[in-house]
Amino acid sequence: MSDSMILVVEDDPEVQEMVRFVLHRADFLVSTVKDARDAWAFIRRHPPTLILLDWMLPGVSGIELARQLKKNHVTREIPIIMLTAKGEESDKILGLESGADDYVTKPFSSRELVARIKAVLRRTAVYVGEEVVEYGEIRLEPATRRVTVSGSVIMLGPTEFRLLRFLMLHPERIHSRTRLLDRVWGTSVAIEERTVDVYMRRLRKALHEGRCDRYLQTVRSAGYRFSLGSNDEGVA
């Protein structure tokens with residue numbers, strides 16, 4: 001059995017049981033809670049590897065809980081997948097902007113759920129043995145998932161870290177959204193191109209304090225580029 005512990009935060013007992021069955025069959029360890037209060041109590045005792053978080057929880061919503069988790073220095077690196085019946089693009093973007101690393105729209109198949117969990121876990125894996133990458137004032141340490149700007153540590157979620165790592169390893173090139181999805185998120189699950197824009201905004205926000213957000217350049221009708229130079233093509 002996998003040593004990955006998945007915490008399912010879901011108030012519907014039938015959905016809880018279905019997800020538990022699917023994940024057990026996929027060899028994951030699984031625990032379930034029904035609301036944000038129970039989730040915090042569990043996380044403080046047993047930090048999970050990944051959280052499956054329902055959007056519509058009683059009391060504190062899943063969106064608000066995701067924001068709380070990402071603001072807390074102890075829990076901010078735990079990946080989150082939102083479970084939601086809201087299929088509109090604006091709702092999906094709201095979920096991602098709250099701090100979720102991915103989303104699964106109800107109803108979902110067991111194969112899709114397991115595939116998305118495995119994809120997120122691959123994206124959040126530690127890069128043991130990789131060399132430190134430095135570019136301008138930014139220093140990225142893959143083995144420890146540590147990023148500093150001019151010597152000051154900045155906090156990144158796992159997907160923002162992976163995105164920054166890819167851009168720093170491939171600077172001065174224009175990357176389309178499709179290419180970034182393939183190289184950063186992987187090809188095993190379908191994710192909309194707008195997801196890239198959401199994470200670029202989150203990464204820019206994290207780099208803004210060190211004034212390194214200027215390195216993340218939007219090239220009109222083409223994609224994104226990581227560069228120390230000016231953006232002659234213009235920012236969209």
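**A tour from pocket to sheet**

Start at the largest pocket, whose lining takes at least three residues from each of domain 1 (5-125) and domain 2 (133-226); these bounds come from an automatic or database domain assignment. A pocket here is, on a 1 Å grid over the protein atoms alone, an open set of points where a 1.4 Å probe fits, with protein on both sides within 12 Å along at least five of seven lines; lining residues have an atom within 4 Å of a point.

This is a predicted model: local features need pLDDT of at least 70, side-chain atom pairs count only at pLDDT 80 or more, and totals for chains, interfaces and linings use all residues. Numbering runs from 1 along each chain as its sequence is written, and side-chain values use heavy atoms, leaving out hydrogens and water.

Now select Lys70, Glu97, Glu160, Arg202 and Lys205, which lie nearest the pocket's centre among 16 lining residues. Colour the lining by type and you will find four nonpolar, three polar and nine charged residues (Asp, Glu, Lys and Arg count as charged; Ala, Val, Leu, Ile, Met, Phe, Trp, Tyr, Cys and Pro as nonpolar; the others, Gly among them, as polar).

Next, show helix H8 (194-208): it gives the lining its largest share, five residues. Helices (H or I, at least four residues) and strands (E, at least two) are DSSP runs.

Finally, turn to the open antiparallel sheet, ordered S10-S12-S11; strands pair if DSSP finds at least two bridges between them. Its edge strands are S10 (174-175) and S11 (216-219). Select isoleucine 174 to find its bridge partner in S12, arginine 225. H8 returns here, packing on the sheet and touching S11 and S12 (contact means heavy atoms within 4.5 Å).

Conventions:
Axes fitted to C-alpha atoms, helices over the stretch in contact; angles between N-to-C directions.
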